[in-house]
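User: Can you walk me through this model? I'd like the chain contacts, then the salt bridges and the rings.

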Amino acid sequence: MDKNIPQEIERFDVSARTQHIIMFVTFLLLSFTGWGLKYAGAVPSSAWIKVWGGPKIAGIIHRVAGIIMLLDFIYHQFYLLNLWRKKDLRLTIIPMPKDIVDLVHNFMYYFGLRKEKPYFRKFTYLQKFDYWAVYWGMFIIGTSGFFLAFPVTVSVLFPTFTLGWIWDVVFIMHSDEALLAIVFILIIHFYNEHLRSEHFPMNWLWLTGKMSTETLKHHHPAEYDYLFGKDGKYKG
Amino acid sequence: MRILVRVLPFLLFAFLLVPAAGAATDAATCLSCHESMEGSVKVEKEKYSKSVHGSFDCVMCHMTPKGDQHQGLVGSTPDKAVKDLAQEISPKGLKDPIAQAACVTCHPDQYAAYTKSIHGQNIITKKSSDGPVCTSCHGSPHYIEARPSAASKVYLYNIVISCGSCHEEKHLIEKYHFSPLVMERYQESFHGRKLLLGHTGAPSCASCHGAHDIVSVKDPASPVGSVEAKKKTCGKCHPGATDKFVAAITHQPLHPIAHWTEIGLIILTVSVFVFIIVHVLLDIFADIRDRLFRKGGGH
């Protein structure tokens with residue numbers, strides 16, 4: 001390997017890593033406490049909620065974790081603004097038409113119709129999906145959660161014609177989309193970052209923020225080429 | 001009357017000391033037969049003695065024991081209040097209306113509220129056998145435990161089940177035009193879920209609709225009979241409850257908009273679920289394939 005090419009690159013800075021830690025800690029707390037309420041009718045739920053200090057304490061944990069997660073999300077927007085101000089913001093996470101091509105190529109690769117994995121950029125389509133799912137979740141689950149946490153205060157905002165269904169819609173949105181988020185994280189995120197043979201028991205990137213240049217070349221060849229040039233020469 | 005109840009056990013005890021006064025009327029005498037009987041006449045001695053009424057003699061409520069087998073048993077004499085009530089609730093078709101009416105001796109306020117309630121009126125005025133009497137909701141008075149007790153039929157979530165025993169009955173829903181999904185919609189609400197999990201602050205049916213004095217929601221006297229009444233009732237737990245806030249709980253079937261939102265979200269969740277499962281499985285197969293057949297290839 002070229003001497004000019006470093007062993008590893010920093011993929012996520014300290015702030016991004018901290019945001020991720022706050023996000024997953026609150027996500028787990030919200031999932032654990034919320035699950036007991038969503039499936040209150042199931043037998044283990046009462047016992048499970050007792051683990052979290054009973055329904056009252058579990059409710060407080062859920063609300064506090066929800067507010068911290070919302071603040072974390074708002075902080076992330078300022079983090080992006082700051083990167084943009086410093087002209088460090090790359091729009092690598094924006095979904096592009098190439099993602100559709102990558103998706104098709106990836107499935108062709110799975111079925112043996114292509115020899116090579118797609119020419120992935122810094123983030124694969126699944127990673128982009130993962131990232132934007134948080135925005136969707138914040139919009140749907142965060143807003144409805146806020147409504148449900150402060151129902152009396154928020155109620156004045158609802159137009160009269162919505163009153164026949166708005167409360168049920170808010171409740172359904174919160175509960176069903178939370179299930180979607182949990183299922184998504186549990187399957188895709190856990191598989192990619194924990195269970196894949198190369199990462200098991202976990203991808204330490206969440207702590208170190210570093211990815212080896214070798215891995216980058218494997219999984220994000222377009223990003224590797226962007227950083228180090230097609231001929232392997234480091235541009236930066 | 002209450003004083004009489006308090007001294008009654010002693011009076012009965014006094015009978016025992018006088019051999020000529022007839023057969024013994026203490027609970028032990030009755031239980032010597034009834035604890036080993038089967039069916040509705042069986043009384044479980046252990047549970048009875050632990051109940052709030054466990055120190056009572058049977059004849060305090062079963063004042064007029066019938067049948068040859070009870071010959072010689074001297075019960076208490078029902079007073080006018082008990083007799084009148086027994087007469088009023090007779091459409092219910094109870095085996096021993098006097099015993100049911102005897103509750104009034106110690107619980108006069110509850111009985112007074114009950115007789116005016118929609119439940120009491122259904123029996124007393126409409127002469128129907130459907131309406132509940134004390135034991136319908138509280139269970140057998142032989143086994144009533146002091147509140148709060150998980151065994152009480154009116155404790156926390158148990159009360160919802162007790163209400164449901166009639167309000168979920170299809171023929172009663174049709175006959176009395178009950179809100180058809182009231183139980184289901186309550187059970188899936190935050191209130192129902194929290195109560196089921198044991199949240200002591202979560203409201204059961206009686207918290208909002210009233211208990212002994214319950215009236216129809218169409219009755220302006222109902223605590224949930226109008227928006228203004230609801231604001232007051234909801235406001236007990238949600239201070240400052242607004243018109244728009246109290247619209248949240250109706251126990252009515254889902255509005256089509258809410259229904260189709262739910263269907264849409266379920267479709268979204270299931271499709272994402274199927275997509276990611278397929279994606280992960282294909283990835284696993286491709287990974288195994290590459291390791292077996294394409295040593296280092298594919299990247």
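Analyst: Here is a short tour, taken topic by topic. Keep in mind that this is a predicted model.

User: OK, interface. How many residues of chain B are in contact with chain A?

Analyst: 49 residues of chain B are in contact with 54 residues of chain A.

User: And how much area do they bury between them?

Analyst: About 4,600 Å². Carbon and sulfur atoms carry 69% of it.

User: How many salt bridges between chain B and chain A?

Analyst: The count is 2. A network of salt bridges links A:D168, B:R185 and B:E188.

User: Now over all chains. How many salt bridges?

Analyst: 15.

User: Which residue does A:K98 meet in a salt bridge?

Analyst: A:D102, at 2.9 Å, N to O. Both lie in helix α4 (residues 97-110) of chain A, 4 residues apart, about one turn of the helix. A:D102 has a relative accessible area of 3% and is buried.

User: And A:D99, what does that side chain meet?

Analyst: A:K128, in a salt bridge of 2.9 Å, N to O. A:D99 lies in helix α4 of chain A and A:K128 in helix α5 (residues 125-149) of chain A, so the pair ties together parts 29 residues apart in sequence.

User: Are those two buried or exposed?

Analyst: Both A:D99 and A:K128 are buried.

User: Back to α16 of chain B. Which residues 4 apart sit there?

Analyst: B:R291 and B:D287, separated by about one helical turn. Their side chains meet in a salt bridge of 3.5 Å, N to O.

User: Switching to rings. How many aromatic pairs over all chains?

Analyst: 23 by this rule. One of them is B:Y111 with B:Y114.

User: Why is that pair edge-to-face?

Analyst: The ring planes are at 80°, with the centres 5.7 Å apart, and planes over 60 degrees apart count as edge-to-face. The two tyrosines are 3 residues apart in helix α7 (residues 108-116) of chain B. Both B:Y111 and B:Y114 are buried.

User: Which residues form an aromatic cluster in chain A?

Analyst: A:F73, A:Y131, A:W132 and A:Y135 form one.

Methods: Residues are numbered from 1 along each chain as its sequence is written. Chains are lettered from A and ligands numbered from 1 in the order in which they are written. This is a predicted model: local features need pLDDT of at least 70, side-chain atom pairs count only at pLDDT 80 or more; totals for chains, interfaces and linings use all residues. Side-chain values use heavy atoms; hydrogens and water are left out. Contact means heavy atoms within 4.5 Å. Buried area is the accessible area (1.4 Å probe) that two parts lose on being put together, summed over both. A salt bridge is a side-chain nitrogen of Lys or Arg within 4 Å of a carboxyl oxygen of Asp or Glu. Rings of Phe, Tyr and Trp (its six-membered ring) pair if their centres lie within 6.5 Å; planes under 30 degrees apart count as stacked, over 60 as edge-to-face and the rest as tilted. Buried means under 20% relative accessible area, exposed over 50%, partly exposed in between (1.4 Å probe, protein chains only).
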